[in-house]
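Welcome, and thanks for opening your viewer. Please have the selection tool ready, and we will go from stop to stop together.

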Amino acid sequence: DAQRDAMRKMTWFALFGMLFYPGAILITTLLDEIEAAELIAQIAPTYFVSISVLVAAFFGADAVKNKTKTGATPPKK
């Protein structure tokens with residue numbers, strides 16, 4: 001299924017990006033690019049939150065779409 005493959009690729013891309021980000025800070029520090037390392041570190045919280053929200057929104061929208069497609073109704077309390 002192409003949609004599942006796209007979701008899987010997006011998830012792996014986001015994971016690798018989140019794992020590489022601290023490595024980028026370390027590499028710039030080791031290269032004595034302290035100002036670059038500080039700039040990258042300042043952007044980190046925004047980057048991690050935005051990537052997480054993007055993945056969560058994509059999966060949430062997919063779940064809602066599949067739920068309405070099957071016609072499932074939520075259980076009554």
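Predicted model: local features only at pLDDT ≥ 70, side-chain atom pairs only at ≥ 80, totals over all residues.

Residues are numbered from 1 along each chain as its sequence is written, and side-chain values use heavy atoms, with hydrogens and water left out.

**Stop 1: the helix pair**

Select residues 2–30 for helix H1 and residues 34–70 for helix H2. Helices here are DSSP runs (H or I, at least four residues), numbered from the N terminus. At what angle do H1 and H2 pack? The angle is about 165 degrees, and the axes are 9 Å apart. Each axis is a line fitted to C-alpha atoms over the stretch in contact, and angles run from 0 to 180 degrees between N-to-C directions. H1 is therefore roughly antiparallel to H2, a label given to angles over 145 degrees.

Now look at how the two helices cross: the crossing of H1 and H2 is left-handed, meaning that the near helix is turned anticlockwise from the far one by less than a right angle. The residues of the contact of H1 with H2 divide into 21 nonpolar, 7 polar and 3 charged. In this count, Ala, Val, Leu, Ile, Met, Phe, Trp, Tyr, Cys and Pro are nonpolar, Asp, Glu, Lys and Arg are charged, and the others, Gly among them, are polar.

**Stop 2: the loop**

Next, select Asp32, which sits in the loop between H1 and H2. Asp32 counts as exposed because its relative accessibility is 63%; the cut-offs are over 50% relative accessible area for exposed, under 20% for buried, and partly exposed in between (1.4 Å probe, protein chains only). Check the backbone too: phi of Asp32 is near 60 degrees, a positive value in a residue other than glycine. Most residues other than glycine have a negative phi.

**Stop 3**

Select Thr28 in helix H1. Is Thr28 buried or exposed? Thr28 is buried, with a relative accessible area of 15%. Show its contacts (heavy atoms within 4.5 Å): leaving out residues up to four places away in sequence, Thr28 touches Glu33, Ile34, Ala36, Ala37 and Ile40.

Ile40 counts as partly exposed, at 23% relative accessibility. Which residues does Ile40 contact, leaving aside its neighbours within four places in sequence? They are Tyr21, Ala24, Ile25 and Thr28. For a sense of distance, draw a line between the C-alpha atoms of Ile40 and Ala61: these are 21 residues apart along the chain and separated by 31 Å.

**Stop 4: Asp62**

Move along helix H2 to Asp62. Asp62 counts as buried, at 7% relative accessibility. Its side chain makes a polar contact with the side chain of Gln3 at 2.5 Å. A polar contact is a pair of N or O atoms within 3.5 Å; within protein, one must be able to donate a hydrogen and the other to accept it, and residues adjacent in sequence count only if both atoms are side-chain atoms. Not counting residues up to four places away in sequence, Asp62 touches Gln3, Arg4 and Met7.

**Stop 5**

- Phe16, in helix H1, is exposed, with a relative accessible area of 51%.
- Gly23, also in helix H1, is partly exposed at 25%; from Gly23 to Phe58 the C-alpha distance is 26 Å.
- Gly60, in helix H2, is partly exposed at 33%; from Gly60 to Thr70 the C-alpha distance is 16 Å.

Note on methods: Parallel < 35°, antiparallel > 145°, perpendicular 65-115°, else oblique.
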